[in-house]
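Good morning, and thank you for coming. I would ask you to keep the display in view while I speak.

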Amino acid sequence: MMTEFSDERRRSLILDYFGTDSHIRVVRHTETFGAPVFVVDFDRGLRHFRTLGSFGAGAQVTEQSSMDLLYPARLVFHYERLMSLALAMSARPVNALLLGVGGAAMWRFVRAYLPDCAPTLVDSDETIVAIARRWFHLKQPVVLDAAQRFLAATSTRYDAILVDLYGPGGPAEIDESFWARCLDALTPGGCLANNWADFTVNARVRTMAESLSTVARSRGLAPIFATRRGFRDNLVQYVPTVPEIGADAATFDGLNRVLERLVRERHIPDRGQGILENCIVSTRFPIV
Ligand SMILES: C[S@@+](CC[C@H](N)C(=O)[O-])C[C@H]1O[C@@H](n2cnc3c(N)ncnc32)[C@H](O)[C@@H]1O
């Protein structure tokens, strides 16, 4: 258990992972998240990054969120860029629900590139939210609650719901009733996207992704999956509620048209280059 490690040992694990010239800004214990988290600055070539990391099982360092220090609004992680496509699969993204704030990467992106979209932020861990404010430019209120409880109680409808709920042990426990509440909370024309990390090695992920597909199909909605060929890291699952948008986006060429629309309408940097490079787009849970 990571809690048995001293701060000194944790620091040395962080430096092993990010490089001895990286700069650890803070290491904090968390209540709800359930493992120590840290903020570290490091360089990769000419680029400077700040990452919110945590410790998983044993001594495993996990990256929860990252920020390009020169261009904080740009999404660093590839899966987050894939998730941003949900905003272009929503008929009119005026309000968005971001479940899992982490280092607020998606919030910075929405604020910069969709200034007419009002995001609602939900995260269960107070320390992580405080870190996002102190180290990751977060400037807006966050609902401090479990996403499951928040959704069970809300009557608000959202044009996009982006779900990225991870703890030290992997994905948050999410069942069919959670997905039903998510789909209930979408406006007609809305779109849901969920991030599945380590989807080829974590057996729970496939079951959980299939439960979202089951709930979606029971409402006549078709899930779409996208992941990078050969990386075996993250898989994004979309559920658009407009049938024509869903039917069009369910192929590589279709999702590429969604990307082109996002780039054109929202002035995404580098024309979104590389977002769909080597990606598999499928209507079934992919085997890669
Ligand atoms: C990978 S990070 C999210 C990164 C974020 N998408 C971003 O843009 O930087 C996962 C977050 O989910 C939060 N989380 C995990 N389980 C949760 C739950 N059941 N309810 C609310 N937040 C949860 C964690 O506290 C953590 O901040």
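I begin with His-267, which lies in the loop between helix H9 (252-266) and E14; helices (H or I, at least four residues) and strands (E, at least two) are DSSP runs, numbered from the N terminus. The phi of His-267 is near 55°, a positive value in a residue other than glycine. Most residues other than glycine have a negative phi. His-267 is exposed, with a relative accessible area of 62%. Here buried means under 20% relative accessible area, exposed over 50%, and partly exposed in between, with a 1.4 Å probe and protein chains only.

Before I go further, a word on the source. This is a predicted model, in which local features need pLDDT of at least 70 and side-chain atom pairs count only at pLDDT 80 or more, while totals for chains, interfaces and linings use all residues. Residues are numbered from 1 along each chain as its sequence is written, and side-chain values use heavy atoms, with hydrogens and water left out.

Ala-104 also has a positive phi, near 65°, and is likewise a residue other than glycine. Its place is in the loop between E5 and helix H3 (105-113). Is Ala-104 buried or exposed? With a relative accessible area of 2%, Ala-104 is buried.

Let us turn to the sheets. Four strands form an open sheet in the order E1-E2-E3-E4, with antiparallel pairing; two strands pair if DSSP finds at least two bridges between them. At the edges are strand E1 (23-28) and strand E4 (61-68), each of which pairs on one side only. From one strand to the next, the twist averages 25°; axes are lines fitted to C-alpha atoms, for helices over the stretch in contact, and angles run from 0 to 180 degrees between N-to-C directions. Within this sheet, strand E2 (residues 37-44) and strand E3 (residues 47-55) are joined in the antiparallel sense over eight bridges, and Val-39 stands opposite Leu-52 in E3. Helix H1 (residues 7-18) lies across E1, E2, E3 and E4 and runs at about 30° to E2.

Another open sheet has eight strands, in the order E7-E6-E5-E8-E11-E13-E12-E14, and its pairing is mixed. Strand E7 (143-144) and strand E14 (279-282) stand at its edges with a single partner strand each, so one side of each is left without a neighbour in the sheet. Helix H2 (residues 78-88) packs on this sheet, touching strand E8 (158-163), E11, E12, E13 and E14, and its direction makes about 5° with that of E13; contact means heavy atoms within 4.5 Å.

Which strand pairs can we follow here? Strand E5 (residues 95-99) and strand E6 (residues 118-123) run parallel, joined by five bridges, and Leu-98 stands opposite Leu-121 in E6. E8 and E11 also run parallel, with five bridges between them. E11 and E13, by contrast, pair in the antiparallel sense over seven bridges, where Asn-195 stands opposite Val-236 in E13. E11 is largely enclosed by the rest of the structure, because 11 of its 12 residues are buried.

Next comes helix H7. At 1.5 Å a residue, its 16 residues (203-218) should span 22 Å, and its end C-alpha atoms are 23 Å apart, which agrees; the expected span is 1.5 Å times one less than the number of residues. Among the buried residues of H7 are Val-205, Met-208 and Leu-212. Their cover includes helix H6 (176-184) and strand E11 (186-197). After H7 comes Gly-220, whose phi is positive, near 80°.

I close with the ligand. Which of the 23 residues around the ligand come nearest? They are Ser-65, Met-106, Asp-123, Ala-147 and Asp-164, where near means that a heavy atom of the residue lies within 4 Å. An oxygen atom of the ligand is 3.0 Å from an N or O atom in the side chain of Glu-80, and a nitrogen atom of the ligand is 3.0 Å from an N or O atom in the side chain of Gln-148.

Asp-164 itself is found in the loop between E8 and strand E9 (166-167), and at 17% relative accessibility Asp-164 counts as buried. Its side chain makes a polar contact with the side chain of Asn-195, at 2.9 Å; a polar contact is a pair of N or O atoms within 3.5 Å, and within protein one must be able to donate a hydrogen and the other to accept it, while residues adjacent in sequence count only if both atoms are side-chain atoms.
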